[in-house]
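My entries follow in the order I made them.

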Amino acid sequence: MDKTLIELKNVTFTYLHKEKPSIKGVNLKLDRGEMVALIGPLGSGKSTLLRLLNGIAPHQFPGKLEGDVLVKGLNTREHEPVELSQHVGLVLDDPRTQIFNLTVEDDVAFGPINLGLPREEVEERVRYAIDALRLKGLEKKHPRELSGGQQQRVALAGVLAMRPDVMALDEPISMLDPIGKSEVLSAIKDLNKKHNITCIIAESGADLEDVVSFATRAIVIKEGKILLDDSPSKVLENRLLEELGVGLPQIVDLILRLDSKLKLDLPSPTTVEGATEIIMELLKKKKISFKREMGQRKVEKRAPKKEGERGGDTILVAQDVWFTYPDGTQAVKGVSLKMRRGEMIALIGQNGSGKSTLALTLVGAFKPTNPEARIYLDGIDVVKTDVIKLNQRINYVFQNPDIQLFNPIVRDEVEFALKMLEESPEEIKKKVSEALKLLGLQGEEDKPIVDLTVDLKTLVAIASVLVLKPKILIIDEPTSGLDRKSSVKLMQILRGLRDEGHTIVIITHNMKLAYEFCDRVIVMNDGRIILDGTPSQVYSNVEILKQAYMKSPQVTQLAYNLSDYKVPLDICTVEEFLDMINLKGAK
Amino acid sequence: MPVFFEYVPRNTFIHRLHPLTKVILLLGIFIAISVLWDPRYLALCMIVVMVLYLVSKTPKKWLLIAVPFGAYRFIEAGILGVTQPAEVFKYLPPEMASQVLFSFGPVTFYFGGFLWALAYIFRIFIGMGATFMFIYATSLNDLIKSLRNLHIPAKISYIVVIALRFVPELFREINLTSTAQSLRGWRLKTKNPVKMAKMAVPIAGPFTRRIVSYVDRITLTTQVRAFGGGKIKYREKLGLRWYDWVVSIITIVVVAITLYFNIFYGVGLI
């Protein structure tokens with residue numbers, strides 16, 4: 001049996017009405033049983049490459065295809081996606097839009113039914129896919145009753161039921177919370193190992209450490225060209241990923257930095273366990289040791305900051321806030337918190353932990369459902385005040401900018417809120433200019449919104465609210481779907497807003513960014529705040545975070561694995577870890 | 001908590017009936033009320049439907065929506081009765097049909113008009129009650145799957161399924177957009193339809209874009225799962241149980257008898 005399933009021969013693809021090709025001269029072979037990580041920044045051509053594998057491009061997405069794409073010997077130019085779908089399955093990032101039947105089993109059966117299979121075979125394939133993706137017991141559920149991870153597993157099952165040899169996965173975990181990510185990654189691993197399905201996973205950086213931890217091959221793509229194609233550890237050793245703005249996993253960065261001093265040709269680890277083994281080996285061979293004073297240094301660092309030290313005076317006080325939806329779901333359960341002027345806060349937790357509901361309650365869009373609840377913002381009773389009267393004091397930016405952007409041009413969008421307030425044209429011009437400047441959007445004012453990249457759209461959405469000059473600005477998942485470089489740039493802009501005196505609250509799943517940019521981290525689980533403190537204080541509670549299905553940064557996990565060596569747990573960056581180490585064999 | 005006019009899974013006798021049996025029952029009720037005019041026969045139908053309604057545990061408050069329709073029909077039919085010549089009543093003797101019940105200003109209520117109005121009200125409550133019971137006790141997904149047995153084209157049945165799946169999602173998105181815009185000071189505060197249309201743009205814009213995006217995504221994901229590829233051979237098992245046969249046969253026999261006597265002997269007409 002020929003082990004090559006897919007072959008791309010000098011493939012160049014240009015979308016209809018585009019001048020530049022999205023894929024340029026790609027030669028690639030995918031063999032049976034491979035697990036490939038396709039790594040590249042936003043707009044690098046990853047999605048186009050995946051669309052070429054099953055003929056969706058050029059059949060569904062028309063364009064000029066040069067070269068040949070062969071799927072099990074079938075040229076995609078001559079075969080329709082319907083036929084190719086039996087060989088290559090495609091799973092997208094957003095699970096909600098991929099499940100369009102009303103029950104799980106109907107959705108899984110959709111593909112086999114379309115293939116014209118008899119009922120017995122359809123039922124057999126549905127059973128097989130449901131078992132493989134561990135969906136037993138959920139067969140009769142409506143998609144809206146499922147968590148994000150379960151929905152994505154249903155999407156995978158729907159594709160698996162087509163019995164493909166290859167699964168093309170376009171950032172399949174980017175829109176999931178940590179538990180959802182881990183569920184889906186474990187399912188993908190099973191598909192590859194137990195069912196011998198070749199998987200190719202596109203990844204733009206946010207989940208790189210998870211994806212490379214089990215990939216057998218990594219391909220780096222930029223501007224439609226393949227730059228690297230090797231084993232994951234070899235690819236990670238190459239600093240190219242950093243240059244592309246994808247960012248290296250912390251453990252790889254740590255080992256690379258150590259090796260640059262020790263010159264031992266250390267392998268790049270793809271898992272925390274791998275990094276732990278390398279460090280233990282170095283300790284055993286006495287190439288490194290931990291500094292004696294590290295415990296003392298960390299004790300100082302861990303000492304709680306005094307009230308008011310971080311940020312200014314208290315601006316918001318919430319006491320005993322409960323919120324119950326009309327269907328009886330208790331989303332927020334007795335939350336009390338304070339926020340100070342000029343603080344940058346990360347609000348983290350699983351999907352459904354109550355973060356967004358709490359945020360919408362704090363801004364006055366939802367009113368607490370218990371009469372005892374009190375929310376005061378600068379002395380104003382939020383509970384009793386109309387949301388429109390609060391807009392200029394506290395505001396909220398939704399996760400998906402497409403939810404709110406409706407004007408064709410950036411300037412019109414940013415002006416909208418001020419026009420609603422019936423401010424004078426001079427005042428509007430001045431405030432819009434200030435907001436655009438703060439967010440680095442000068443020069444973009446007259447651009448059509450549809451032509452903007454995702455990060456710029458997010459900034460326009462923030463500008464359209466920031467123009468009201470709220471003292472507290474809550475932003476839901478601002479870095480969702482962005483690569484590392486765009487995420488860092490956006491966070492730097494938000495930190496600039498904090499420095500201007502705004503209190504910034506970011507709802508996020510990205511623990512690393514929260515550590516790097518936020519002064520304070522609040523962790524929610526099941527409608528309650530379970531941790532609240534500086535990032536180091538919060539992240540050192542590895543066990544509590546695990547219970548809330550959150551993962552500490554890789555370096556903190558490494559410190560946890562090395563706790564026998566009295567390594568403190570409040571280490572969150574590579575620099576902090578390196579600070580604790582004495583290099584004995586440094587060259 | 002059931003949303004208004006939504007299927008709720010329960011274990012009542014009506015819920016347990018096969019969707020096709022419920023379709024036959026619903027059609028039977030509609031055929032009967034479309035040929036019957038005599039309030040006495042309609043009252044009998046009403047009793048049967050209300051018993052079934054209670055058995056299915058359909059929320060009683062849903063029936064309140066029939067009240068304004070009933071009231072409107074009563075007034076309309078009452079007035080219609082005024083203007084109707086007595087000859088329109090095929091079986092009601094003219095002197096009875098034109099008997100004055102009471103006068104209200106320039107409007108006179110006749111006995112014929114009263115019977116007409118009463119028949120209409122019964123028809124409204126029977127029709128709405130049967131429909132609400134059907135909605136409450138029938139999973140549309142099961143219904144559509146059953147309809148495939150009747151060789152309804154897959155493309156048509158999937159259009160219905162996709163609409164059922166995504167319409168609630170889109171409503172949820174409208175709510176989100178509306179909250180997002182209200183946080184920027186937007187509020188629909190006019191009753192002028194032209195201004196209202198203009199003010200709805202901040203909601204309609206993102207909503208339209210989301211629909212386009214949904215359609216785009218759904219088209220892509222249906223394509224990669226071979227939609228429209230081959231001839232669909234899959235058919236659901238019909239799975240009718242003995243009580244489905246009993247209910248279906250009784251319904252068909254009763255409707256056939258009603259039609260026979262109605263057409264040939266004028267039974268149920270006024």
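**Helix pair in chain A**

I started with helix α6 (residues 148-160) of chain A and helix α7 (residues 178-193) of chain A, whose axes come within 8 Å and cross at roughly 25 degrees. The model is a predicted one. Angles under 35 degrees count as roughly parallel, and α6(A) and α7(A) are therefore roughly parallel to each other. I noted the crossing of α6(A) past α7(A) as right-handed.

I then listed the residues in this contact. From α6(A) they are A:Gly148, A:Gly149, A:Gln152, A:Arg153, A:Leu156 and A:Leu160. From α7(A) they are A:Ile179, A:Gly180, A:Glu183, A:Val184, A:Ala187 and A:Leu191. By class, the residues of the contact of α6(A) with α7(A) are six nonpolar, four polar and two charged.

**Helix α11 of chain A**

I checked the length of helix α11 (residues 250-262) of chain A. Its 13 residues, at 1.5 Å a residue, should span 18 Å, and the end C-alpha atoms are 18 Å apart, so the two agree.

Which residues of α11(A) are buried? I found A:Gln250, A:Ile251, A:Val252, A:Asp253, A:Leu254, A:Ile255 and A:Leu258. I looked up what covers these buried residues, and the cover includes α9 (232-237), α12 (272-284), α23 (554-561) and α24 (574-579) of chain A. After α11(A) comes A:Lys263, and I recorded its phi as positive, near 55 degrees.

**Chain A against chain B**

I counted 50 residues of chain A in contact with 42 residues of chain B. On the side of chain A that touches chain B, the elements giving two or more residues include α3 (81-84), β6 (88-91), α5 (119-132) and α18 (454-466) of chain A. The largest share of that side, five residues, comes from α4(A). I sorted the residues of this side into 29 nonpolar, 17 polar and four charged.

**Helix pair in chain B**

Last, I took helix α8 (residues 154-182) of chain B and helix α10 (residues 201-223) of chain B. Their axes come within 10 Å and cross at roughly 145 degrees. I noted that α8(B) passes α10(B) in a right-handed crossing.

In α8(B), the residues that meet α10(B) include B:Ile162, B:Phe166, B:Leu170 and B:Glu173. Among those they meet in α10(B) are B:Pro202, B:Phe207, B:Arg210 and B:Tyr214. I classed the residues of the contact of α8(B) with α10(B) as 11 nonpolar, three polar and two charged.

Terms used
Residues are numbered from 1 along each chain as its sequence is written. Chains are lettered from A and ligands numbered from 1 in the order in which they are written. This is a predicted model: local features need pLDDT of at least 70, side-chain atom pairs count only at pLDDT 80 or more; totals for chains, interfaces and linings use all residues. Axes are lines fitted to C-alpha atoms, for helices over the stretch in contact, and angles run from 0 to 180 degrees between N-to-C directions. Helices (H or I, at least four residues) and strands (E, at least two) are DSSP runs, numbered from the N terminus. Angles under 35 degrees count as roughly parallel, over 145 as roughly antiparallel, 65 to 115 as roughly perpendicular and the rest as oblique. A crossing is left-handed if the near helix is turned anticlockwise from the far one by less than a right angle, and right-handed if clockwise. Two residues are in contact if their C-beta atoms, placed from the backbone, lie within 7 Å. Ala, Val, Leu, Ile, Met, Phe, Trp, Tyr, Cys and Pro count as nonpolar, Asp, Glu, Lys and Arg as charged, and the others, Gly among them, as polar. The expected span of a helix is 1.5 Å times one less than its number of residues. A residue is buried if 20 or more other C-beta atoms lie within 10 Å of its own, exposed if 12 or fewer, and partly exposed in between; C-beta atoms are placed from the backbone.
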